[in-house]
Protein chains: 2
Amino acid sequence: MPITANDINRKSWLEVPKNSDFPIQNIPFGVFLTKENVVTVGTRIGDFAIDLGALQQLNYFEGIELTDDMFMQDTLNDFISDGQKTWRLVRNRIAEIFDAENPVLRDNTKHKDVVIFKMEDVEMQLPVLIGDYTDFYSSKEHATNVGKMFRDPENALLPNWLHIPVGYHGRSSTIIPSGIPVHRPLGQTLAAGETNPVFGPSKSIDFELETAFITTDVNIMGESIPVDETEQYIFGMVLLNDWSARDIQKWEYVPLGPFLAKNFATSISPWIVTMDALEPFRTAGPTQEPTPLPYLQQKGKHSFDINLEVAIQPEKAEPTIVSKSNFKYMYWTMSQQLAHHTSNGCRVNSGDMMGSGTISGPTPDSYGSMLELTWGGKNPVKLSDGTERKFINDNDTVIMKGFCQNDEVRIGFGEVSSKLLPPFVKK
Amino acid sequence: MPITANDINRKSWLEVPKNSDFPIQNIPFGVFLTKENVVTVGTRIGDFAIDLGALQQLNYFEGIELTDDMFMQDTLNDFISDGQKTWRLVRNRIAEIFDAENPVLRDNTKHKDVVIFKMEDVEMQLPVLIGDYTDFYSSKEHATNVGKMFRDPENALLPNWLHIPVGYHGRSSTIIPSGIPVHRPLGQTLAAGETNPVFGPSKSIDFELETAFITTDVNIMGESIPVDETEQYIFGMVLLNDWSARDIQKWEYVPLGPFLAKNFATSISPWIVTMDALEPFRTAGPTQEPTPLPYLQQKGKHSFDINLEVAIQPEKAEPTIVSKSNFKYMYWTMSQQLAHHTSNGCRVNSGDMMGSGTISGPTPDSYGSMLELTWGGKNPVKLSDGTERKFINDNDTVIMKGFCQNDEVRIGFGEVSSKLLPPFVKK
């Protein structure tokens with residue numbers, strides 16, 4: 001089915017600011033709350049939020065097979081579960097509805113009043129009920145940097161890393177949308193040279209710059225999906241900040257991996273940008289040497305050219321960009337991650353989310369965490385207000401942005417922004 | 001509120017076989033499917049399944065505040081979310097309804113026909129929608145045994161183990177109830193002495209004897225729960241078989257922990273035995289030395305005396321018991337696990353499940369996995385049909401049972417039984 005929604009010649013009758021992440025060629029999906037306390041599935045064009053539930057009730061999706069309440073829901077899970085054909089039909093239809101040449105909704109003020117909201121008048125929600133959340137570790141630069149600092153500089157990359165898209169399970173209950181603040185966690189840490197741990201607020205809160213993809217129903221238990229067939233199961237992507245408490249992590253993570261150091265919060269951008277919208281930005285990833293095992297081998301371009309950046313904004317100061325990276329640096333592709341995840345028959349459901357792992361580029365200014373940017377605290381990052389950071393301070397806001405850009409179109413993610421608050425105090 | 005359901009002098013008008021795990025003092029909760037394809041929340045007395053949805057519709061829960069469809073659901077999440085007071089009111093009421101001296105339901109054949117089913121006529125379902133699944137690693141004997149085999153025999157226990165109830169996140173999507181078979185997973189493994197991994201069926205499928213507890217809504221994000229307050233949030237316990245592929249685990253688990261080696265399947269017993277029913281079997285766990293940090297310190301008895309056993313049943317042969325252990329050997333208690341889990345503010349919801357970790361006792365016949373029972377394959381286990389096992393063969397069924405017993409009453413879990421099938425073949 002042609003993805004007519006990607007037509008670069010189409011303009012919308014809704015105003016789209018220059019350099020907006022959300023031209024009519026994007027059409028991401030999300031869930032928002034209106035001032036009337038209605039929760040609905042929606043999309044975004046320019047700085048307008050569009051109520052897909054209202055559009056459906058007004059018959060704008062006629063001819064597309066959808067359950068009656070498909071968009072009058074507080075999650076996208078059912079829509080995502082319907083599969084790629086439905087996603088395309090709906091996205092193509094939305095493009096038609098908002099096409100500058102199409103008068104049907106454009107000239108119907110009554111309908112527009114119930115369908116279109118200013119972004120500032122809605123509150124973005126978590127777009128999916130995430131059943132299971134997996135976080136991968138697929139940047140060779142990040143894995144190498146961490147290995148150099150924490151383990152052996154001479155053998156920074158562990159022997160399995162070049163063969164396996166290493167991943168582990170994260171916590172779904174603390175995944176939150178952009179805008180929700182995070183409390184500095186307490187935890188056990190062991191100071192250098194000590195033998196007895198202490199309990200208290202973490203002293204080294206870090207971000208990790210990641211993206212994540214959201215799947216539809218992939219398989220039944222026991223079934224594995226060939227790598228060449230995985231892409232059809234990926235609905236879209238978001239930006240992800242994998243908040244990390246490095247001092248807690250260091251003490252707890254052997255032998256079963258990070259746990260409390262990570263599960264206090266994971267922030268994601270609220271609009272899921274579809275793989276269809278990202279299609280024009282498909283690119284090849286790094287050469288994989290040694291050649292992966294056959295179940296992970298793929299030909300062609302399976303990465304995406306997505307510019308990423310991280311800024312730190314102290315309270316009452318301007319943000320300073322501290323890292324610029326790109327998704328295309330990732331060694332393992334999303335298709336390989338998903339093929340690996342199902343290779344043992346592990347069931348993957350609609351709304352499951354898989355994080356990329358920290359996206360570090362080849363140069364020090366492209367590293368995706370404070371741990372790497374400051375090289376373990378040795379080189380503090382300077383902010384524009386004159387202060388320095390080894391890690392994130394209380395009341396700092398961490399802002400991650402991402403966008404694809406070519407000569408014709410810009411497809412962006414908006415941002416995931418989250419403020420670090422002091423430790424939680426019970427009221 | 002008194003737990004009158006625990007009255008040891010009460011007898012039921014329903015027949016309870018001698019040594020049944022389900023006397024009227026148990027009253028566990030589960031979800032079952034009837035032959036009429038109705039899914040309902042239920043309980044069990046003797047070999048009868050009792051439809052709590054039907055009981056509610058017939059007004060047997062009058063006077064207890066419950067939403068109208070509390071038991072006409074396919075999960076226990078809403079009931080568990082209602083909290084300890086409701087659990088006790090309902091359990092006490094069920095005990096009254098089935099008390100030998102109470103004629104109301106006993107003498108109402110019409111009602112009995114729609115409420116009571118033979119166990120053989122119902123199909124047990126997964127009792128809860130498990131949002132997040134955490135698996136701990138809280139048996140000192142197990143951690144020591146694994147450390148001796150895989151790491152350093154002289155320093156088997158890692159430095160953090162005596163300070164932290166070590167745990168990690170598991171996969172919710174592949175948690176299945178007793179009776180559902182499991183396919184032998186494929187995966188990457190590295191043979192001894194080789195440098196290149198291969199992909200194929202795992203050659204070392206193991207069980208891990210565990211229990212798990214199910215929580216109600218525990219906290220909001222950021223909030224930690226003092227160890228002395230955690231027990232009220234624990235609804236009940238099940239038996240758990242943490243299926244493991246040892247060869248996959250060995251190659252993949254550094255540095256982020258087990259992933260595909262575990263997430264192909266986790267089997268649980270279908271009846272959740274309430275903490276109230278287990279109350280008479282409260283006992284002290286092992287002495288904790290060094291003294292844990294204050295947030296993990298507790299006084300009194302916080303473990304439970306639960307007898308556990310594992311049997312392997314080859315196809316067309318009798319089961320052989322290969323391990324007898326007891327929950328009371330666990331070093332860290334469930335209250336400590338839950339206090340630790342929330343110590344960083346990680347949110348825990350109704351229906352979340354936390355596994356104990358492999359429950360190995362002090363003697364070789366009480367070890368909770370084939371890895372330990374055979375000491376890494378050196379001492380195969382002999383079965384009653386004359387065959388030997390280093391690990392689990394295709395078409396073997398692994399059966400775990402658990403029960404508490406004193407002079408007055410036996411409270412049991414029934415079993416978690418699951419057959420290992422050959423690798424999945426797409427039809």
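**Reading a two-chain model**

Q: What percentage of the 427 residues of chain A count as buried?
A: Buried means under 20% relative accessible area, exposed means over 50%, and partly exposed lies in between, using a 1.4 Å probe and protein chains only. In chain A, 62% of the 427 residues count as buried. Before we go on, this is a predicted model, where local features need pLDDT of at least 70, side-chain atom pairs count only at pLDDT 80 or more, and totals for chains, interfaces and linings use all residues. Residues are numbered from 1 along each chain as its sequence is written, chains are lettered from A and ligands numbered from 1 in the order in which they are written, and side-chain values use heavy atoms, leaving out hydrogens and water.

Q: How many helices and strands are there in chain A?
A: Helices (H or I, at least four residues) and strands (E, at least two) are DSSP runs, numbered from the N terminus. Chain A has ten helices and 26 strands. The radius of gyration of chain A is 22 Å, close to the 22 Å of the globule rule for 427 residues, so chain A is as compact as a globular protein of that length. That radius is taken over C-alpha atoms, and the rule is 2.2 Å times the number of residues to the power 0.38. Along its principal axes, the C-alpha trace of chain A spans about 70 × 55 × 40 Å.

Q: Which residues are buried in helix 6 of chain A?
A: Look along residues 140-150: A:H142, A:A143, A:T144, A:N145, A:V146 and A:G147 are buried. The cover over the buried residues of helix 6 includes helix 10 (370-373) of chain A.

Q: What does a contact count tell me about chain A?
A: Contact means heavy atoms within 4.5 Å. Among the contacts in chain A with a separation of 6 or more, 72% join residues 24 or more positions apart.

Q: What rotation superposes chain A on chain B?
A: Copies are superposed by least squares on the C-alpha atoms of residues with pLDDT of at least 70 in both. Here a rotation of 180 degrees, with 0.0 Å of shift along its axis, brings chain A onto chain B (RMSD 0.0 Å). The two copies are thus related as by a two-fold rotation axis. Within chain A, the residue closest to that axis is A:G257, at 2.3 Å (C-alpha). Also, 100% of the interface residues of chain A are interface residues in chain B too, so the copies meet through the same surface.

Q: Which backbone angles are worth a second look?
A: Most residues other than glycine have a negative phi, and most peptide bonds are trans. Now see the exceptions here. The peptide bond from A:V254 to A:P255 is cis, with omega near 5 degrees, and A:P255 lies in the loop between helix 7 (246-252) and strand 16 (266-268) of chain A. Another cis bond joins A:E289 and A:P290, with omega about 5 degrees; A:P290 is in the loop between strand 18 (282-283) and strand 19 (303-304) of chain A.

Q: Where does A:N37 lie?
A: A:N37 lies in the loop between strand 1 (30-33) and strand 2 (39-45) of chain A. A:N37 is not a glycine, yet its phi is positive, about 65 degrees. With a relative accessible area of 62%, A:N37 is exposed.

Q: What is the phi of B:W375?
A: B:W375 has a positive phi of about 45 degrees, although it is not a glycine. B:W375 sits in the loop between helix 10 (370-373) and strand 23 (381-382) of chain B, and is partly exposed at 23% relative accessible area.
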